[in-house]
Amino acid sequence: MSERGVFIGKLIIPRDREFYEIRNPADTRQVVAKFPRLRRDDAREAIGVAKEAFAKWGKTLPVERARILYKVADIIESRADEMARTLTLEEGKTLPDSMFEVVRTVNLLRFYAGLITRGQGKVISSQDRNTIIMTTREPLGVISVITPWNFPLSLPAWKIIPAIATGNTVVWKPASITPTIAYELVKAFYDAGLPEGVLNLVTGSASEVGDELVTNKDVDAITFTGSLQTGKEINEKVGRMNRFIRVQLELGGKNATVLSKNGDINLAVELTARSAFGLTGQACTATSRFLVPEDMHDEVLSKLIERTKKIVVGNGLKSGVDMGPLASKEQYDKILSYIEIGRNEGAKLVYGGQPIKGSEEFDHGYFVMPTIFDGVTPDMRIAKEEIFGPVLAVMTYRTLDEAIDIVNSTEYGLIAGIVTRDISEAAKFTEGVKVGVVKVNKPTIGLEPWVPYGGVKGSGNDMYKEMGEEAVEFFTRIKAIYVGY
Ligand SMILES: NC(=O)C1=CN([C@@H]2O[C@H](COP(=O)(O)OP(=O)(O)OC[C@H]3O[C@@H](n4cnc5c(N)ncnc54)[C@H](OP(=O)(O)O)[C@@H]3O)[C@@H](O)[C@H]2O)C=CC1
Ligand SMILES: O=C(O)CCC(=O)C(=O)O
């Protein structure tokens, strides 16, 4: 398997750096690609290149930037099958889920291309005669983009595209285990004619490359998605630097789906099974708690187990597979350890709870069964901590108020779902839950790119939203202009 490069201004293959292997999580005998482990100096160089490129890119007309974004969209569309396959090989999710990411990326490109040509300022009436006041939005400069592995294409895309569309330049550090699809995304930008240095890709460790992207004084803003722990670390580091820059932190979740007494049981079971076990539970939007009215518990649980038995686990490249492997050995060990924690703290394991082994198809991958714990109480670790895998906690409640309290009882606040036929119940739930997104009769997974997204509490620093028109607010600053005539 060939060695891949990085983009520092342009594509380079740094032969004097160590290369590390990316392996397929469904079959670890297969090497997907090799990438260089860059050092701090390389990241510093990339930031310098981005700063230089900003001097020109920041002054291009929106229509020129839009023209390139539309072209990137066409290129990605023409490479959709190949890119989806690469994503599955590298991260493990099923091909339809990978294709969903590709299509979302194309939609993001076209959405922001259209949006920026519409203009971003306002005209405000003045208290003085013969005066016009207006605002414009200007790009910030160099943006550090640091992203996780679970949505390795569309999640970075929803940061990079509005950043570049608004005239900023970018240095991107993808998660160490998913650089191949990152490389493909950046390549599509350059194939579309993006000027050198506007989008830079640096692969390497969090402690060197990641740290440089956070602490370098030429960085004007940081947008990060990842764990709560890393988010706190980045926040502290930036705080210690004694200068004011924007930091966007999108962190974990411990999302609940609540079945109300007035809800459709079959719908709740279907949405929960999809949101808990789809994407192998490795989504920040996944449902990891299922709250069920006490008197409906037995019927719901038996339907949930029946539905979960139908989930086909396997290599994401195979058709008919619903759930791929976990993305890495680290993930595999972590999920199995949480299953052990659940057992030890007295939750009842009613389905799964095992790695899948014993055949050629499964012996070389990080496969585990979809897992359901029943009798989970809010004080248990499996009810509070983000597991980030296919492990669902079933909990019971008596009143809607109590359900809302349970939903709010973790340190996270990303998404909450309710299944109900009663509109006033849906309204009460929506008002009561402390989260960034509410889903009514919909799965917690599945976001649309034109809708603002972001969590509260431990799920994010909640100053700016991602996606939608709102993303532009993070990547631009407002200038007010008073004109007398
Ligand atoms: N709210 C949201 O929108 C989403 C949140 N997430 C959250 O992401 C987490 C899973 O992703 P995971 O990759 O494990 O998260 P991490 O926080 O471990 O890593 C995220 C990214 O940050 C890098 N990184 C890690 N430590 C530092 C540091 N000190 N300074 C700079 N960069 C650093 C990582 O590099 P490296 O890979 O080299 O370690 C990676 O690129 C889950 O908690 C999940 O909930 C995921 C998706 C969406
Ligand atoms: O659920 C989705 O559509 C997106 C979720 C996501 O991006 C994430 O979990 O990282």
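Mentor: Let's begin at the contact itself: in this predicted model, 15 residues of domain 1 are in contact with 17 residues of domain 2. Two residues are in contact if their C-beta atoms, placed from the backbone, lie within 7 Å. On the side of domain 1 that touches domain 2, strand 4 (27-36), helix 3 (80-91) and helix 4 (95-116) each supply at least two residues. Strand 4 gives the largest share of that side, three residues. By class, that side of domain 1 divides into five nonpolar, five polar and five charged residues. Here Ala, Val, Leu, Ile, Met, Phe, Trp, Tyr, Cys and Pro count as nonpolar, Asp, Glu, Lys and Arg as charged, and the others, Gly among them, as polar. Helices (H or I, at least four residues) and strands (E, at least two) are DSSP runs, numbered from the N terminus.

Now for the domains themselves. The assignment gives domain 1 as 6-251 + 460-484 and domain 2 as 255-440; such bounds come from an automatic or database domain assignment. Taken over C-alpha atoms, the centres of domain 1 and domain 2 are separated by 31 Å.

A few words on reading the model. Residues are numbered from 1 along each chain as its sequence is written, while chains are lettered from A and ligands numbered from 1 in the order in which they are written. Because this is a prediction, local features need pLDDT of at least 70 and side-chain atom pairs count only at pLDDT 80 or more, whereas totals for chains, interfaces and linings use all residues. The protein chain has a mean pLDDT of 97, with 100% of its residues at 70 or more; pLDDT is the predictor's confidence in each residue, from 0 to 100. The model scores are ipTM 0.95 and pTM 0.97.

Next come the ligands. Ligand 1 lies between domain 1 and domain 2, because both give residues to the shell around it. That shell holds 31 residues, the closest being Pro148, Gly210, Gly226, Thr230 and Cys284. A residue is near a molecule if its C-beta atom, placed from the backbone, lies within 6 Å of it. Helix 7 (206-215) and helix 8 (228-240) each give at least two residues to the shell around ligand 1, and helix 7 gives the largest share, four residues. The classes in this shell are 13 nonpolar, 13 polar and five charged.

Ligand 2 also lies between domain 1 and domain 2, since both domains contribute to the shell around ligand 2. Around ligand 2 are Asn150, Phe151, Leu155, Ala283, Cys284, Thr285, Ile445, Gly446 and Leu447. Six of these residues are nonpolar and three polar, with no charged residues.

Some loops deserve a look too. Gly324 sits in the loop between helix 10 (297-309) and helix 11 (329-344), and Gly324 is buried, with 28 other C-beta atoms within 10 Å. Buried means that 20 or more other C-beta atoms lie within 10 Å of a residue's own; a residue is exposed at 12 or fewer, and partly exposed in between. Leaving out residues up to four places away in sequence, Gly324 touches Ala26, Gly92, Lys93, Thr94, Thr280, Asn315 and Gly316.

Thr280 is also one of the contacts of Pro390, alongside others including Phe277, Gly281 and Met323. Pro390 lies in the loop between helix 12 and strand 16 and is buried, with 26 other C-beta atoms within 10 Å. Phe388 is found in that loop between helix 12 (381-384) and strand 16, and has a positive phi of about 65° although it is not a glycine. Leu279, in the loop between helix 9 (265-277) and strand 13, likewise has a positive phi, near 55°. Most residues other than glycine have a negative phi.
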